Amino acid sequence: MKVGIDSIAFSTSKYFLKLETLALHRREDYEKYYVGIGQKQMSVFPPNEDIVTIAVDAAQKAVAEIADKNDIDMLIFATESSFDLSKSAGIYVHHFLQLKENCRVFDIKQACYSATAALQLSKSYVMENPSSRVLVVASDIVKYQPNTSGEPTQGGAAVAMIVSKDPRILTLEQYSGIHTTDVMDFWKPVYKNEALFDSKLSVYNYLKSLNIALKRYFDASNSSISDLDCVCYHAPFGKMARKADQQTFRNKFLENSLIYGSLIGNSCSASIYVCLLSLLDNTPEDLDEKRIGFFSYGSGSVAEFFSGIVSRGYRKMLSPERNFQMIENRMEISFEEYERFSSAASMPSLSKYQNIGSVTLAKIENDKRVYAASC
Ligand code: CAA
């Protein structure tokens with residue numbers, strides 16, 4: 001039985017900061033951001049937008065593509081930006097999508113790797129329950145301390161995917177190469193709003209993990225580089241994926257996969273699936289039945305290399321114009337506003353800012369997050 005991604009959609013903030021603006025205020029050469037790191041803009045999130053509101057927007061678009069949402073009996077929410085150590089962010093998504101009550105919902109965490117874990121679990125689940133569909137949502141907003149080397153790689157997005165049999169976008173293949181190792185390259189203590197990292201160690205461990213996971217994938221599948229038509233990488237910034245690709249593959253479609261990420265910034269768990277959407281939307285060549293390799297990396301660290309076959313007629317399931325418009329229609333903010341967004345983020349109130357989708361974080365009352373329809 002073929003199981004994989006039947007529908008996919010993404011969402012981000014309504015606001016962005018140009019990295020030229022950041023470079024000016026941080027007294028950096030913009031070329032370092034644009035060429036050295038490979039980023040142009042970053043999505044910036046107002047206080048009324050969070051991992052739930054963008055996840056609902058992405059999920060509504062993905063679910064609109066299936067005939068009956070009552071087939072969804074599991075929702076997995078992948079994130080490392082959780083605001084609650086107990087209640088799952090997925091429950092809010094379940095509520096706003098009005099999914100049936102007979103549905104398992106839970107969050108899953110392992111840095112930027114978690115959505116891949118969710119995808120693989122969903123594949124096994126659908127294999128056992130062929131009439132089921134699983135909604136996988138990856139949603140992250142990435143923040144570093146101001147004036148650190150991570151700052152120009154900030155960003156955020158949510159990707160929602162429906163996993164089912166006879167998928168109309170991508171069939172997940174059987175083999176994976178996995179590499180798990182205990183390393184402190186990137187972490188986020190519960191008492192901190194921003195992630196901490198060791199730049200050089202993180203880049204080193206990403207590339208080392210790629211080598212090991214890729215070899216394990218080739219050994220398990222008895223295949224080689226020539227069996228892959230292209231590769232999507234976890235892309236915390238464009239240059240990371242370019243370095244990975246130079247080391248391994250020299251993928252002719254790489255740049256197509258990095259277009260969206262260069263404009264929205266790092267979206268952690270969602271990042272590799274933003275790359276997949278960017279690749280599918282922006283590659284004029286027909287990718288029907290092509291094999292895509294995926295390198296998923298979550299600091300800490302777990303890495304997995306796996307593959308999928310693009311479904312015949314996949315283009316019918318895509319909305320490139322809608323995705324471009326969402327990015328194009330974002331509003332540019334000034335550096336001063338960027339700083340205001342960061343400081344206001346801890347005390348959201350009914351806000352003058354716009355939401356990307358139909359749900360807003362209206363207030364936090366008695367330590368409870370209250371969501372409402374956005375204006
Ligand atoms: N013009 C053009 N290029 C320039 C330049 C200029 N004026 N100045 C510097 N550069 C180049 C450098 O030569 C360098 O190129 P190479 O990588 O090819 O050597 C590049 O710009 C970056 O410069 P630095 O090495 O000085 O970079 P930095 O110390 O500022 O760190 C970073 C850059 C690693 C991206 C940093 O932003 C960072 O640590 N980010 C957070 C951690 C991270 O994303 N790590 C990635 C792996 S971990 C992961 O993937 C999980 C995750 O999502 C976070």
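1. The lining of the largest cavity draws at least two residues from each of β3 (41-44), β6 and α11 (335-344), where helices (H or I, at least four residues) and strands (E, at least two) are DSSP runs numbered from the N terminus. This is a predicted model, in which local features need pLDDT of at least 70 and side-chain atom pairs count only at pLDDT 80 or more, while totals for chains, interfaces and linings use all residues. Residues are numbered from 1 along each chain as its sequence is written, and side-chain values use heavy atoms, with hydrogens and water left out.

2. The largest cavity holds about 110 Å³ of space, and the structure has 4 cavities of 30 Å³ or more. A cavity is a set of points, on a 1 Å grid over the protein atoms alone, where a 1.4 Å probe fits but cannot get out, and lining residues have an atom within 4 Å of a point; grid points are joined across faces, edges and corners, and a volume is the space filled by probe spheres set on the points. Among the residues lining the largest cavity are M42, F45, I141, K143, Y338 and F341. By class, this lining has 7 nonpolar, 4 polar and 1 charged, with Ala, Val, Leu, Ile, Met, Phe, Trp, Tyr, Cys and Pro counted as nonpolar, Asp, Glu, Lys and Arg as charged, and the others, Gly among them, as polar.

3. The second largest cavity has a volume of about 90 Å³, and of the 14 residues that line it, A235, G261, S262, G265 and C275 are the closest to its centre. Helices α8 (254-264) and α9 (271-282) each supply at least two lining residues of this second largest cavity, and α8 gives the most, with 4 residues. Its lining divides into 6 nonpolar, 8 polar and no charged residues.

4. Where does the second largest pocket lie? Domain 1 (3-169 + 316-373) and domain 2 (171-315) both give residues to its lining, so the pocket lies between them; the domain bounds come from an automatic or database domain assignment. A pocket is an open set of grid points with protein on both sides within 12 Å along at least five of seven lines. The second largest pocket has a volume of about 570 Å³, and T153, S199, S202, V203 and F237 lie nearest its centre among 25 lining residues. The largest share of that lining, 5 residues, comes from α6.

5. Strand β6 (residues 133-142) has 10 of its 10 residues buried, so it is largely enclosed by the rest of the structure; buried means under 20% relative accessible area, with exposed over 50% and partly exposed in between (1.4 Å probe, protein chains only). Strands β4 (residues 72-78) and β6 pair in the parallel sense over 6 bridges, two strands being paired if DSSP finds at least two bridges between them. M74 stands opposite V134 in β6. On β7 (residues 155-165), which pairs with β6 in the antiparallel sense over 9 bridges, V159 stands opposite A138.

6. Strand β12 (residues 291-298) is mostly covered, with 7 of its 8 residues buried. It runs parallel to β11 (residues 230-233), to which 4 bridges join it, and pairs with β13 (residues 302-310) in the antiparallel sense over 8 bridges. β12 and β13 form a hairpin with 3 residues between them, and G300 in the turn has a positive phi of about 120 degrees.
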